[in-house]
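Morning, everyone. Have a look at the model on the screen, and then I'll walk through it.

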Amino acid sequence: MKSTKAVYYRNLNGININEASEFLNSINNFEHIDTVNWPDTFPLKPDAKFIIARSDSAFFIHFVVNEKQIQALYAKDQDPVWQDSCVEFFCQIPGSPTYFNFEFNCIGTCLATERKSRTENVNPLPDTQMVKILRFASLGNSTFEEKKGNFDWTLTVQIPFSILNIDASNLPDMLKANFYKCGDGTSKPHYVSWNPIAVENPDFHRPEFFGELKL
């Protein structure tokens with residue numbers, strides 16, 4: 001099981017998301033999303049990495065991706081962004097029967113739910129919560145059809161602890177978490193994870209294979 005830490009940075013308090021993107025990129029202490037769990041059927045491994053940090057009240061995640069095809073068809077939150085060039089963060093408070101999944105395409109469109117499993121008790125976050133998830137995408141926020149070539153893009157997101165039902169004044173020691181890169185609807189589908197997933201077919205909704213995110 002992999003483990004990483006969401007390092008606390010005082011200067012993330014009150015910072016805007018654009019500035020947070022620049023700051024996190026400068027740290028250059030990345031974790032890599034590089035586990036190809038289903039190499040026989042989905043061998044593609046784009047270069048994807050992330051940094052996760054925290055302020056007094058929120059997580060900040062900075063994703064950096066290089067891939068040969070990009071796609072962003074969806075612009076409305078809660079659209080099926082996993083079909084696009086997508087990065088994802090799933091997390092669970094230890095002992096909780098539910099977990100959260102945050103899925104972002106390369107222009108920052110977000111799908112977010114709290115759920116018990118892939119199909120059980122799926123509760124999309126309401127608009128009042130979604131607007132609190134701040135995003136800065138290097139590709140902008142306009143949709144586009146698939147492009148092929150050599151593309152570098154970044155996405156920085158801010159997720160308040162309150163959305164995760166975490167008391168900012170009494171943080172848990174750790175969360176269970178995993179980070180993903182996918183593109184189900186692209187010309188070359190891929191399913192890559194930070195922590196390995198030991199199941200037969202692609203399935204990111206497996207909290208039993210989450211790693212550790214220390215706080």
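Helices here are DSSP runs of H or I with at least four residues, and strands are runs of E with at least two, numbered from the N terminus. This is a predicted model: local features need pLDDT of at least 70, side-chain atom pairs count only at pLDDT 80 or more, and totals for chains, interfaces and linings use all residues. Residues are numbered from 1 along each chain as its sequence is written, and side-chain values use heavy atoms, with hydrogens and water left out.

The protein chain has 2 helices and 15 strands. Its C-alpha trace spans about 45 × 35 × 35 Å along the principal axes.

Now T154. T154 sits in strand 12, residues 144-160. Is T154 buried or exposed? T154 counts as buried because its relative accessibility is 18%; the cut-offs are under 20% for buried, over 50% for exposed and partly exposed in between, with a 1.4 Å probe and protein chains only. Buried residues make up 51% of the 215 in the protein chain.

What does T154 touch, leaving out residues up to four places away in sequence? The partners are H62, F63, V64, F136, A137 and S138. Contact means heavy atoms within 4.5 Å.

On to contacts across the protein chain. Take those with a separation of 6 or more: 66% of them join residues 24 or more positions apart.

Last, surface. The protein chain has an accessible surface of about 9700 Å². Carbon and sulfur atoms hold 47% of that. The method is Shrake-Rupley with a 1.4 Å probe; for residues, only the protein chains shown count as cover.
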